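This report describes the fold, the strand pairing and the nonpolar core of one protein model. The sequence and the coordinates are shown first.

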Amino acid sequence: MDSKWLALLLALTALLHTTAVTAMPTSHLISCCTRVSSKVSRKLLNKVKHFKIQDNQICDIKAVILHKGSLRLCVDSNNQQLKRWMSRNTKRLLSRA
């Protein structure tokens with residue numbers, strides 16, 4: 001009798017565990033820059049496909065994430081050359097996204 005109860009309990013536990021796991025909402029993975037470059041070349045900026053601004057609400061540091069193909073480069077958001085480039089290219093790059 002004990003083995004039947006144990007088997008039933010194990011089956012119910014497995015069923016509940018499976019149901020709970022499949023019913024849980026999926027979460028998005030958050031990828032943050034942990035270091036930033038203080039310099040960025042004009043040559044690299046000309047090849048950037050799009051950029052994203054990382055704020056410090058979710059991640060620890062503020063940064064601008066430049067995407068060039070599969071390359072992802074984190075640059076200091078206070079970089080003056082980057083700020084000028086972003087002001088000139090925002091419309092062009094936003095229209096590609």
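In which order do the three strands of the open sheet lie, and is their pairing parallel or antiparallel? The order is β1-β2-β3, and the pairing is antiparallel. The model under discussion is a predicted one.

**Sheet**

At the edges of the sheet lie β1 (50-54) and β3 (71-76), each of which pairs on one side only. Direction ignored, neighbouring strands are turned by 25 degrees against each other on average. The antiparallel strands β1 and β2 are joined by five bridges. Gln54 stands opposite Ala63 in β2.

**Overall fold**

Three helices accompany the three strands, and the pattern along the sequence reads α-α-β-β-β-α. Some totals for the protein are as follows.

| Quantity | Value |
|---|---|
| Share of the 97 residues that count as buried | 23% |
| Share of contacts with a separation of 6 or more that link residues 24 or more positions apart | 49% |

In soluble globular proteins, nonpolar side chains tend to be buried together. The largest nonpolar core here comprises twelve residues: Val40, Leu44, Leu45, Val48, Phe51, Val64, Leu66, Val75, Leu82, Trp85, Met86 and Leu93.

Phe51 is one of the core residues. Leaving aside residues up to four places away in sequence, Phe51 touches Val64, Ile65, Leu66, His67, Trp85, Met86, Thr90 and Leu93.

How values were computed. Residues are numbered from 1 along each chain as its sequence is written. This is a predicted model: local features need pLDDT of at least 70, side-chain atom pairs count only at pLDDT 80 or more; totals for chains, interfaces and linings use all residues. Side-chain values use heavy atoms; hydrogens and water are left out. Helices (H or I, at least four residues) and strands (E, at least two) are DSSP runs, numbered from the N terminus. Buried means under 20% relative accessible area, exposed over 50%, partly exposed in between (1.4 Å probe, protein chains only). Contact means heavy atoms within 4.5 Å. A nonpolar core is a set of buried Ala, Val, Leu, Ile, Met, Phe, Trp, Tyr and Cys residues joined through side-chain atoms within 4.5 Å. Two strands pair if DSSP finds at least two bridges between them. Axes are lines fitted to C-alpha atoms, for helices over the stretch in contact, and angles run from 0 to 180 degrees between N-to-C directions.
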